[in-house]
Amino acid sequence: MELNVRQHRDGDYETIAKWWTWWKWPVIPKENLPSTGLMVEKGDTSIVSCYIYFTNSKGALLEWVVSNPEYREKDRKKAIELLLIAAEKMLKDQGVTYIFSIGRNKSLIETHKKLGWMIDSKTSTEMTKSI
């Protein structure tokens with residue numbers, strides 16, 4: 001079976017929220033997420049997802065990359081690469097020239113690096129505030 005990338009659809013949020021919980025991440029309220037997101041799947045199995053925040057500039061944020069903790073097939077890394085490549089293509093096709101992402105997972109950082117992302121060597125701190 002082949003890996004496939006698609007836009008998020010109804011029901012994906014609930015799946016992604018379960019993944020966040022499994023990985024011990026905070027579950028982001030649906031109203032705080034953009035309407036644009038991508039999912040990689042193989043057959044009926046969802047593998048990895050991201051959300052994309054568009055801005056009023058030529059930049060976009062690619063965030064909340066999270067994977068299905070139960071999917072351990074050999075093509076898992078390929079699925080993550082496919083997600084990032086598809087997001088980049090979609091954004092480029094829409095005139096975006098700069099993508100920003102935050103992450104701390106070493107494997108995900110290495111995947112970004114492999115795909116030509118600039119990785120800042122200095123540690124950053126995420127700052128958020130609910131208002």
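**Figure 1. β4 in the lining of the largest pocket.** In this predicted model, β4 contributes 6 residues to the lining of the largest pocket, the largest share. The strand spans residues 59-67. Three further elements each supply at least two lining residues: β3 (45-54), α2 (76-93) and α3 (106-114). In total, 31 residues line the largest pocket. Its volume is about 1,200 Å³.

**Figure 2. Centre of the largest pocket.** Which residues lie nearest the centre of the largest pocket? They are W25, E63, W64, I102 and E126. The lining as a whole divides into 16 nonpolar, 9 polar and 6 charged residues.

**Figure 3. The second largest pocket.** This pocket holds about 960 Å³ of space. Its lining is made up of 27 residues. Closest to the centre are S101, I102, M118, I119 and D120. By class, the lining of the second largest pocket comprises 12 nonpolar, 9 polar and 6 charged residues. α2, β5 (98-100) and α3 each provide at least two of the lining residues. Two of these elements, α2 and α3, also each give at least two residues to the lining of the largest pocket.

**Figure 4. Strand β2 and its partners.** How many bridges join β1 to β2? There are 5, and the two strands run antiparallel. β1 covers residues 3-7, and β2 covers residues 37-42. On the other pairing, 6 bridges join β2 to β3, again antiparallel. Is β2 mostly covered or mostly open? Mostly covered: 5 of its 6 residues are buried. In a regular strand, side chains alternate between the two faces of the sheet.

**Figure 5. K42 and the β2-β3 hairpin.** K42 of β2 is the bridge partner of L3. K42 also has a bridge partner in β3, namely T45. β2 and β3 form a hairpin, with 2 residues between the strands. G43 sits in the turn, and its phi is positive, at about 65 degrees.

Figure 6. Where is E70 placed? This residue lies in the loop between β4 and α2. E70 has a relative accessible area of 72%, so the residue counts as exposed; the cut-off is over 50%. W23 is 47 residues from E70 in sequence, yet their C-alpha atoms are 11 Å apart in space.

**Figure 7. The whole chain, for orientation.** The protein chain contains 3 helices and 5 strands. Along the sequence they follow the pattern β-α-β-β-β-α-β-α. Along the principal axes, the C-alpha atoms fill a box of roughly 35 × 35 × 30 Å. The radius of gyration is 14 Å, and a compact globule of 131 residues would have one near 14 Å, so the two agree. Of the 131 residues, 38% count as buried. What share of the contacts with a separation of 6 or more comes from residues 24 or more positions apart? That share is 60%.

Note on methods. Residues numbered from 1 in each chain as written. Predicted model: local features only at pLDDT ≥ 70, side-chain atom pairs only at ≥ 80, totals over all residues. Heavy atoms only, no water. 1 Å grid on protein atoms, 1.4 Å probe; cavity = no way out; pocket = protein on both sides within 12 Å on 5 of 7 lines; lining within 4 Å. Points joined across faces, edges and corners; volume = space filled by probe spheres on them. Helix = DSSP H or I, 4+ residues; strand = E, 2+ residues; numbered from the N terminus. Nonpolar A, V, L, I, M, F, W, Y, C, P; charged D, E, K, R; others polar. Buried < 20%, exposed > 50% of the residue type's maximum accessible area, 1.4 Å probe, protein only. Pairing = 2+ DSSP bridges. Rg over C-alpha atoms; globule rule 2.2 N^0.38 Å. Contact = heavy atoms within 4.5 Å.
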